[in-house]
Each structure stands twice: as C-alpha cells, then as structure tokens.
Amino acid sequence: MVCNFVLLNPRNRENLATVMRSGQNFSVSSVIVIGGFIADKYKGNIHKFTHQMDTQDGMSNLTVLYFATLEDFLKHLPAKTTLVVVEMEEQAKYLESYQHPENATYIFGPELKGFSQNELNSIKQHFAELNKDIPAEHLAGNKHTAHLDFVKIAMGNSLNVGVCSSIVMYDRHVKSFKHDRL
C-alpha cells in the first residue's frame with residue numbers, strides 16, 4: 001500500500017516535523033510540501049529542513065519532496081493514486097466510516113483557513129481534465145487511474161495540521177491492520 005501525505009503552505013517547522021515523525025511510525029511512503037515556510041525560510045530547499053529535523057533517521061525510509069505550487073504538484077501527482085482532500089467540505093465523507101484507498105495521497109490545506117475555493121476548484125478541474133476521456137463505468141473503483149475523494153474529521157473547530165494528519169495516518173493504519181487480520 002502506497003501512502004503519501006501533502007501539506008499545502010504549512011506555516012511552521014513544528015507541523016512538518018510532526019507529520020514526518022508520525023509518517024515514519026505509520027509507514028507513510030512520502031511527505032510532500034507545497035510552498036509555505038519551506039519557500040519562505042529555505043527558498044524551496046527541502047534538504048536544509050530535513051537535515052535539521054531527521055531525529056529518528058527517518059529519511060532512510062521516508063521520502064520528503066517539495067513543490068513550489070499546487071499546480072506543479074498536481075502535474076506530478078503519483079500515478080494510480082486517489083487524492084484525498086482532507087477538508088470540512090459538504091461532500092466529504094466522515095473519517096470514522098471512510099474506507100481508505102490502497103494507493104492514497106492525502107492533502108491538507110493551510111492551517112487556520114483551510115483550502116481556498118480557488119485551490120479546491122484547481123484540484124477538481126485537474127481531475128476533470130485528467131479523467132475527461134475515460135468512460136464513467138471504467139472510472140468507478142478502477143485501481144489503474146487517479147481518483148479524487150474528500151474526507152473530514154467530525155470536529156467543531158479546526159485542528160492543527162500536524163495533529164489532523166496524524167489522526168488520518170492512525171485511522172488508515174488501524175483500519176488496514178484490522179482488515180489484514182480478518
């Protein structure tokens with residue numbers, strides 16, 4: 001199972017460090033950063049940050065990548081993945097009943113404000129273009145193409161992005177483990 005976690009415009013190093021550490025413990029394949037403090041403080045050089053934050057020698061089993069923009073990331077979205085937008089969207093499924101895809105890339109918006117409508121529209125438009133020539137009956141449940149999904153955590157207020165991503169990692173881990181034992 002391939003599992004990637006993406007942070008869009010993370011605002012501080014502590015959040016990214018939390019995602020990296022949780023990712024190391026929950027078998028995340030890669031952590032991807034788009035913009036944020038890496039662009040501001042490190043001029044996009046993710047290596048400078050990861051060198052400072054690799055407290056568990058996780059870089060040997062966790063890939064960390066950087067993209068300057070959401071559009072650039074979408075152009076390089078891993079093949080055959082389901083992009084899972086974690087956001088309090090009306091159409092989003094609740095995490096507690098969510099069935100995690102085998103090959104998933106979870107994306108989290110900026111802390112405090114979440115995804116802008118423009119960012120959500122860009123993601124939806126990307127998938128509309130990506131799948132426009134594929135008949136609907138071939139898209140549903142097909143593991144050989146990219147999919148888009150939305151999930152949310154039932155909370156009254158916004159969560160810290162490091163905490164939120166760790167909850168999603170844990171949920172995926174527990175459900176995968178439970179599924180393997182059945």
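Lys-175 and Asp-171 both belong to helix α7 and stand four residues apart, about one turn of the helix. Helices (H or I, at least four residues) and strands (E, at least two) are DSSP runs, numbered from the N terminus. The side chains of these two residues, Lys-175 and Asp-171, meet in a salt bridge at 2.9 Å, N to O; the term denotes a side-chain nitrogen of Lys or Arg within 4 Å of a carboxyl oxygen of Asp or Glu.

Before I continue, a word on the basis: this is a predicted model, in which local features need pLDDT of at least 70 and side-chain atom pairs count only at pLDDT 80 or more, while totals for chains, interfaces and linings use all residues. Residues are numbered from 1 along each chain as its sequence is written, and side-chain values use heavy atoms, with hydrogens and water left out.

Asp-171 is buried, with a relative accessible area of 14%, and Lys-175 is partly exposed at 23%. Here buried means under 20% relative accessible area, exposed over 50%, and partly exposed in between (1.4 Å probe, protein chains only).

How many salt bridges does the rule give? The count comes to five. One of them joins Lys-93 to Asp-149, with the closest N and O atoms 2.7 Å apart. Lys-93 lies in strand β5 and Asp-149 in strand β7, so this pair ties together parts that are 56 residues apart in sequence. Lys-93 is partly exposed at 40%, whereas Asp-149 is buried at 15%.

I turn to the aromatic rings. A search of the whole structure finds five aromatic pairs; rings of Phe, Tyr and Trp (its six-membered ring) pair if their centres lie within 6.5 Å, and planes under 30 degrees apart count as stacked, over 60 as edge-to-face and the rest as tilted. The Phe-37 and Tyr-42 rings have centres 6.2 Å apart and planes at 70 degrees, so the pair is edge-to-face. Both residues, Phe-37 and Tyr-42, are buried. Phe-67 and Phe-73 also form an edge-to-face pair, at 5.9 Å centre to centre and 65 degrees between the planes. Phe-67 and Phe-73 are buried as well. Ring pairs also link Phe-5, Tyr-106 and Phe-108 into a cluster.
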